[in-house]
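Hi,

Here is the structure I promised to pass on. Have a look at it first, and then read on for what turned up.

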Amino acid sequence: MRLGVLDVGSNTVHLLVVDAHPGARPLPAHSHKAELRLAQLLDERGAIGPDGVDRLIGTVREALEAAEDKGVEDLLPFATSAVREASNADDVLARVKEATGVELRVLSGEEEARLTFLAARRWFGWSAGRLLVLDIGGGSLEIAYGIDEEPDAAVSLPLGAGRLTAGWLPGDPSDPDDVKALRRHARAQIARTVGEFSRFGAPDHVVATSKTFKQLARLAGAARSTEGLYVQRELKRKSLEDWVPQLAAMTVEERAELPGVSEGRAGQLLAGALVAEGAMDLFGVETLEICPWALREGVILRRLDHLPAESSPSAG
């Protein structure tokens, strides 16, 4: 069947269309993205303003048209931290449903971590052993650990690259004192969770998902995205530590000229790098591997797992 996943995130609204059936690898068929930056549209009360809601509705409508054009049979719409934490979330969800017919399911931070972990586990397989998975989004950082498909521990922290940039790094280039303050803040938040994971023992394999980690790995010399999904891409903590002060000294325009860094994400890259560096340091990670699959794939895999047996091509 052709499935569509509509991901209303803190940075983008992303429709991913895949051809999938139980027991098979989902094959990407189409991708439709719009940079909405919901996390930056919150007002002083923490609400998504009327303009932001209107833009969200328009973007969802565009995604629905794309899904219909591509023959999507089943649409899985969900929202993450920007909507989840908006003070008027219920009103926003009601307006979107009334205007578009789409009922966005709001994932909790722990659900995000668990579904991302599932995607990483399926990608790397059982031979990867105990997995530690890190994911930096626009609004939150997810961390999960385990040996099965369900993690033994999963947490979500308010350390997304977009959120931190808006709240802590107003300058361009960033003020060194602001950078130091954000570094302390991020590490203090992450440090509170380390004990919850360390009691399970050291992971056998550490992986990271998300655009932030992919861009940081590319800066550190990883293969370009055009070289395909199956090329191994790594990020070493030493390389990241070398890059952080360089990123801090750059303007957003200068960062946008770096290899693999998109213009839309350049402003958030420093905050993301500080979180990534803190997580790798505090969890004792020297090298991690980039996982091509993340939350959207986790949502698809969970949906396929719950299809009735008669939906499988091998049934009957």
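This is a predicted model: local features need pLDDT of at least 70, side-chain atom pairs count only at pLDDT 80 or more; totals for chains, interfaces and linings use all residues.

Serine 210 sits in the loop between β9 (205-209) and α7 (211-219). Its phi is near 100°, a positive value in a residue other than glycine.

Four of its five residues are buried, so β9 is largely enclosed by the rest of the structure. Which strands does β9 pair with? One is β6, in the parallel sense and over five bridges; another is β11 (residues 287-290), also parallel, over two bridges. If you want to find these pairings on screen, histidine 205 in β9 is the bridge partner of leucine 131, and alanine 208 stands opposite isoleucine 290 in β11.

What do they pack against?

In the loop between α5 (161-168) and α6 (176-198) you will come across proline 173. The peptide bond joining aspartate 172 to proline 173 is cis, with omega at about 5°. Then there is arginine 37, in the loop between β3 (27-35) and α1 (50-69). Arginine 37 is not a glycine, yet its phi is positive, at about 55°. Is arginine 37 buried or exposed? Its relative accessibility is 17%, so it counts as buried.

Now the charged pairs. How many salt bridges does the structure hold? There are 22. Here are three of them, one by one.

Arginine 122 and glutamate 149 form a salt bridge whose closest N and O atoms are 2.6 Å apart. This pair links distant parts of the chain, 27 residues apart: arginine 122 is in helix α4 (residues 109-124), while glutamate 149 is in the loop between β7 (141-146) and β8 (153-157). Arginine 122 is partly exposed at 29% relative accessibility, and glutamate 149 is partly exposed at 25%.

Glutamate 150 forms a salt bridge with arginine 302, with 3.1 Å between the closest N and O atoms. This is another link between distant parts of the chain, 152 residues apart, with glutamate 150 in the loop between β7 and β8 and arginine 302 in helix α11 (residues 295-305). Glutamate 150 is partly exposed, with a relative accessible area of 38%, and arginine 302 counts as partly exposed at 27%. The two also belong to a network of salt bridges that links Glu110, Arg114, Glu150 and Arg302.

Finally, arginine 237 and glutamate 241 pair up within helix α8 (residues 237-249), four residues apart, or about one turn of the helix. The closest N and O atoms of this salt bridge are 3.4 Å apart. Here arginine 237 counts as buried, at 13% relative accessibility, whereas glutamate 241 is partly exposed, at 30%.

Happy to talk it through whenever you like.

Cheers

Technical notes. Residues are numbered from 1 along each chain as its sequence is written. Side-chain values use heavy atoms; hydrogens and water are left out. Buried means under 20% relative accessible area, exposed over 50%, partly exposed in between (1.4 Å probe, protein chains only). Two strands pair if DSSP finds at least two bridges between them. A salt bridge is a side-chain nitrogen of Lys or Arg within 4 Å of a carboxyl oxygen of Asp or Glu.
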